[in-house]
Amino acid sequence: MFRYVQQYSGASQTRIAAAVGMTQARVNEIINRRREVSRLDVYERIADGLMMPDDARHLLGLAGGR
C-alpha cells in the first residue's frame with residue numbers, strides 16, 4: 001500500500017510515516033518487504049492516516065472510517 005501512495009502521490013517515506021504514526025525506518029521495512037503488517041489496529045491506523053475512503057477500507061477488511 002505504501003508503494004502505491006509513493007507512486008501516485010509522490011509522498012516521501014518520511015511524510016507517509018508522519019501520517020500513519022510510524023518511523024520512516026519502519027515504513028521503509030514494510031515497503032521493502034522486510035516487515036509485514038499483521039495487526040488490525042495498525043491497519044486501522046494506516047487507513048486513518050492515509051484518509052482511505054470506506055470502499056478501500058472494506059478491501060482491507062476494516063469497518064468504515066471514523
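**Reading an aromatic pair and its setting**

Tyr4 has its place in helix α1; helices (H or I, at least four residues) and strands (E, at least two) are DSSP runs, numbered from the N terminus. The model is predicted, so local features need pLDDT of at least 70 and side-chain atom pairs count only at pLDDT 80 or more, while totals for chains, interfaces and linings use all residues. Residues are numbered from 1 along each chain as its sequence is written, and side-chain values use heavy atoms, with hydrogens and water left out.

Q: How many aromatic pairs does a search of the whole structure find?

A: A pair of aromatic rings is described by the distance of the centres and the angle of the planes. Rings of Phe, Tyr and Trp (its six-membered ring) pair if their centres lie within 6.5 Å, and planes under 30 degrees apart count as stacked, over 60 as edge-to-face and the rest as tilted. Searching the whole structure gives one aromatic pair. Its members are Tyr4 and Tyr8, which are stacked, with 6.3 Å from centre to centre and 10 degrees between the planes.

Q: Why are Tyr4 and Tyr8 separated by about one helical turn?

A: The two residues, Tyr4 and Tyr8, are four residues apart in helix α1 (residues 2-9), and therefore about one helical turn separates them.

Q: Are Tyr4 and Tyr8 buried or exposed?

A: Buried means under 20% relative accessible area, exposed over 50%, and partly exposed in between (1.4 Å probe, protein chains only). Tyr4 counts as exposed because its relative accessibility is 56%, and Tyr8, with a relative accessible area of 64%, is exposed too. Across the protein, buried residues make up 30% of the 66 residues.

Q: Which elements make up the protein, and in what order do they run?

A: There are five helices and zero strands in the protein, and from the N terminus on the elements run α-α-α-α-α. The radius of gyration of the protein is 11 Å, close to the 11 Å that the globule rule gives for 66 residues, so the protein is as compact as a globular protein of that length; the radius is taken over C-alpha atoms, and the rule is 2.2 Å times the number of residues to the power 0.38. Along its principal axes the C-alpha trace spans about 30 × 25 × 15 Å.
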